[in-house]
Each structure stands twice: as structure tokens, then as C-alpha cells.
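Hello,

Have it open beside you while you read.

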Amino acid sequence: MLLLGDDREPRVGEKRQREVRTSLSMFYEVVPKKPRREPVVARLREAPPYDVEATGKGGRLYTLEELDELCPCSRKELLGILRSRTVRALEIEGKWRVLGEEYEASALKLVVATIGEEMWDVDSVPVGECAAKLAQDLPQAVVRHCLACYAAEGERG
């Protein structure tokens, strides 16, 4: 960027000599940065964990849009934080929350027992069918969450 001394417009065909008084140059380096997960995790921990006793009770629950405002990152990165093995949040009725540890353990036991009872190949569990079998005991979102968190995704998905 050059700052020139005379700032009036020249007339057509007029030549002017200009004096450079100041020269300024800057360079910006854009470096990718991992998103901070702390604000998101803190908000998720405000509400009581989702379990049998606390369904529908408790503190503030957040939508994906509200969590997106808290964390300066892309939507893909935010979903990565929410679904990471350390946070393990799930979406129930448009609100994101975490499961209670005991509830998650008992839900996982039910899912594993159902897989054993139905003699499904552990490498290809039919998620929809498993959720339907456990519909009386667990919400479909919880079954899908357990399978997504604790099962390795196969080659065919």
C-alpha cells in the first residue's frame, strides 16, 4: 500500500509527478487451529445426564445452532467434537446431551445382549432392526448412539 502526497484527481491527459511519503507492507499467515471443545463440553455438562430418572428434567439443553455459536469452528468440526469418544453426546428431540454413565452402561449391555440373542454377526449389526427390538426398553436414539460409539464401522457401513 502506498500513501501518496496529493490526493486530488488529475485532469484527463494531465501528468503529475508524485512523491511517495510512506510505504507499508504486511503479511498475514493463516494457520489452521483445532477448535476449542471446552465451551461446548461445559454447556453439555450443565444439564443433568440423560437417563431413566432425568428424562426431561433439569438444566438448559442446547440445539446444534446454539452450540455452533459457542464454538468458533465449522459445523463438521462441531459434530466431530460432539460425537468424539471423549464427549459422546447424542441428539434427542433436537437437543444435544450426554448419557449418564450407569444408564449408558446398562443400555450397552442390552444392545450387546440383543445382538447375542439374535445371533447377528458382530461385523454387520442391522441398526434399524436392533433399535426396533429394543424399542420397549430404550429410545431409538440411545440404541443408535451405543452402536455408533462402541462399534467399529465396517467396510460397507
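A word on naming before the notes: helices (H or I, at least four residues) and strands (E, at least two) are DSSP runs, numbered from the N terminus. Residues are numbered from 1 along each chain as its sequence is written. This is a predicted model, so local features need pLDDT of at least 70 and side-chain atom pairs count only at pLDDT 80 or more, while totals for chains, interfaces and linings use all residues, and side-chain values use heavy atoms, with hydrogens and water left out.

Let me start with backbone angles. Most residues other than glycine have a negative phi. Met119, which is not a glycine, has a positive phi of about 55 degrees. Met119 sits in the loop between helix H4 (101-118) and helix H5 (127-133). Met119 counts as exposed because its relative accessibility is 74% (buried means under 20% relative accessible area, exposed over 50%, partly exposed in between, with a 1.4 Å probe and protein chains only). Arg88 is not a glycine either, and its phi is positive at about 50 degrees. You will find Arg88 in the loop between helix H3 (75-82) and S3, and with a relative accessible area of 24% it is partly exposed.

Next come the strands. S3 and S4 pair in the antiparallel sense over four bridges (two strands pair if DSSP finds at least two bridges between them). Within this pairing, Ala89 stands opposite Val98 in S4. The hairpin of S3 and S4 has two residues between the strands, and Glu93 in this hairpin takes a positive phi near 55 degrees.

Arg97 belongs to strand S4 (residues 95-98). Is Arg97 buried or exposed? Arg97 counts as buried, because its relative accessibility is 4%. A polar atom of the Arg97 side chain lies 3.1 Å from the backbone oxygen of Pro48.

From Gly59 to Leu44 is 15 residues in sequence and 9.6 Å in space, C-alpha to C-alpha. Gly59 has 40% relative accessibility and therefore counts as partly exposed. Thr63 is in the loop between H1 and H2 too, but Thr63 is buried, with a relative accessible area of 18%. Leaving out residues up to four places away in sequence, Thr63 touches Gly94, Lys95 and Trp96.

Finally, a pocket. On a 1 Å grid over the protein atoms alone, a cavity is a set of points where a 1.4 Å probe fits but cannot get out, and a pocket is an open set with protein on both sides within 12 Å along at least five of seven lines; lining residues have an atom within 4 Å of a point. Grid points are joined across faces, edges and corners, and a volume is the space filled by probe spheres set on the points. The second largest pocket holds about 300 Å³ of space. It is lined by 13 residues, and those closest to its centre are Arg83, Ala89, Arg144, His145 and Ala148. Strand S3 (89-92) and helix H6 (140-150) are the elements that give two or more residues to this lining, with H6 providing the largest share, five residues.

Happy reading, and do write back with questions.

Definitions and conventions:
Polar contact = N/O pair within 3.5 Å; in protein donor to acceptor, adjacent residues only side chain to side chain. Contact = heavy atoms within 4.5 Å.
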